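Thanks for passing this one along. Here are my notes, point by point, to read beside the model.

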Amino acid sequence: MTSSNDTQDFTPKAESAWLAKSASQTRGSDKKEVQFHYDISNEFFKLWQDPNQVYSCAYFEKDDYNLEQAQMAKIDLSLGKLGLEPGMTLLDIGCGWGATINRAVEKYDVNVIGLTLSENQKQHIEEHWLANYKGDRTMDVRLQPWEDFSGQVDRIVSIGAFEHFGFNKYDDYFKNTFDWLPDDGVQMLHTITIPEDTEIKAKGLPLTMSKVRFIKFIMDEIYPGGRLPLASMVTDHAVKAGYTVTQEQHLQPHYVKTLDTWAANLEAKQAEAIEITNEEIYERFLKYLKGCADLFREGYTDVVQFTLQKA
Ligand SMILES: C[S@@+](CC[C@H](N)C(=O)[O-])C[C@H]1O[C@@H](n2cnc3c(N)ncnc32)[C@H](O)[C@@H]1O
């Protein structure tokens, strides 16, 4: 592309350029890259997330839901797809600040294992959730990549972590998770996706220079190592590993509202955010949240919950 004219339409090349960009590095985020994002400061994230610090697309099941209610609705939507029964063990791959594992114990009376690569998240879970837990079930949070996990669990949930994994790990991811589950096991995988070629053509989505620049900004400065899959990449790899995809639920408009809310919250807390971090981080995150809201609004990205059944 030689022109910087933002209105120029690159539609004919858009599909291949879009995927080529995201496929150009396929290794996924390493621990340092994950920590670069999540270990900025728990206080900073707390300023603009909901009180339970859920960091993924909320589910505005009812129009009047606030962010906290919508995040809990998303967690309940996700856990409700797993067929959890008391005493089972749930593995949460990329457990963030722990809201999902806590809800699973509270609502379904299960044992939980949460994996994260963020030291701040692990510390928060230990101090906030584990220290206050009085029940008999085990709540285990580990600073461990799924790549190093081994063991048997009954159900798996992964919300907003797959984007970090990298295309060349997909085969291992589905094979390993499949092996960790019993014959009747279920995994609910929630991830952002990019549109298929046909969708790009049908919607006439232009890959403008400003979009290309924004994607580069996200890859370089927000989620280094991260890559977004096509929905078909998820289902193809899952099926190859032996899973049956029993449901695919698209939540695109819900991410628009989530990101708009996060951006508005951050803007409203500008002074505190800069005091906790600095002006550069505040501006960087505001640009990321607003720009991603636009990507979802315009149809450049979607977010999908895949229910993967072993039998
Ligand atoms: C966007 S956050 C989502 C957190 C949480 N699921 C939620 O919805 O709030 C992504 C999470 O994935 C974790 N993560 C990224 N790569 C990982 C890996 N290879 N193994 C385990 N966790 C990973 C990060 O540490 C972080 O907790």
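1. The buried residues of helix α5 are Ala 99, Thr 100, Ile 101, Asn 102, Ala 104, Val 105 and Tyr 108. That makes seven of the ten residues in α5, a mostly covered helix. Here a residue is buried when 20 or more other C-beta atoms lie within 10 Å of its own, exposed when 12 or fewer do, and partly exposed in between, with C-beta atoms placed from the backbone. Helices (H or I, at least four residues) and strands (E, at least two) are DSSP runs, numbered from the N terminus.

2. Before going further, please keep in mind that this is a predicted model: local features need pLDDT of at least 70, side-chain atom pairs count only at pLDDT 80 or more, and totals for chains, interfaces and linings use all residues. Residues are numbered from 1 along each chain as its sequence is written.

3. What covers the buried residues of α5? The cover includes α4, strands β1 (89-93), β2, β3 (139-143) and β4 (155-159), and helix α6 (119-130).

4. The packing of α4 on α5 can be described in some detail. Helix α4 spans residues 67-79 and helix α5 residues 99-108; they pack at about 65°, with axes 10 Å apart. The axes are lines fitted to C-alpha atoms, for helices over the stretch in contact, and angles run from 0 to 180 degrees between N-to-C directions. The crossing of α4 and α5 is right-handed, a term used when the near helix is turned clockwise from the far one by less than a right angle, with anticlockwise giving left-handed.

5. Which residues of α4 and α5 meet? From α4 come Ile 75, Ser 78 and Leu 79, and from α5 come Ala 99, Thr 100, Arg 103, Ala 104, Lys 107 and Tyr 108. By class, this contact of α4 with α5 has five nonpolar, two polar and two charged residues. Contact means that the C-beta atoms of two residues, placed from the backbone, lie within 7 Å. For the classes, Ala, Val, Leu, Ile, Met, Phe, Trp, Tyr, Cys and Pro count as nonpolar, Asp, Glu, Lys and Arg as charged, and the others, Gly among them, as polar.

6. Two backbone angles deserve a look. Just after α5, Asp 109 takes a positive phi of about 55°, and Asp 109 is a residue other than glycine. Asp 109 sits in the loop between α5 and β2 and counts as partly exposed because it has 15 C-beta neighbours inside 10 Å. Gln 53, also not a glycine, has a positive phi of about 55°. Gln 53 is placed in the loop between α3 (42-48) and α4, and its 18 C-beta neighbours inside 10 Å make it partly exposed.

7. Thr 89 belongs to strand β1. Why is Thr 89 classed as partly exposed? Because 19 other C-beta atoms lie within 10 Å. Leaving aside neighbours within four places in sequence, Thr 89 is in contact with Val 110, Asn 111, Ile 113, Val 153 and Asp 154. Trp 129, 40 residues from Thr 89 in sequence, is 17 Å away, C-alpha to C-alpha.

8. Now the ligand. Of the 23 residues around the ligand, those that come nearest are Ser 56, Gly 94, Gly 96, Gly 160 and Ala 161; a residue is near if its C-beta atom, placed from the backbone, lies within 6 Å. Helix α2 (31-38) and strand β2 (111-116) each supply at least two residues of this shell. The shell divides into twelve nonpolar, ten polar and one charged.

9. Is Phe 285 buried or exposed? With 22 C-beta neighbours inside 10 Å, Phe 285 counts as buried; it lies in helix α13 (residues 279-298). Ala 271, in helix α12 (residues 270-276), counts as exposed, with 9 C-beta neighbours inside 10 Å.

10. Finally, the chain as a whole. The protein chain has 13 helices and seven strands, and 43% of its 311 residues count as buried. Its radius of gyration, taken over C-alpha atoms, is 19 Å, which agrees with the value near 19 Å for a compact globule of 311 residues; the globule rule is 2.2 Å times the number of residues to the power 0.38. Among contacts between residues at least 6 apart in sequence, 78% join residues at least 24 apart.
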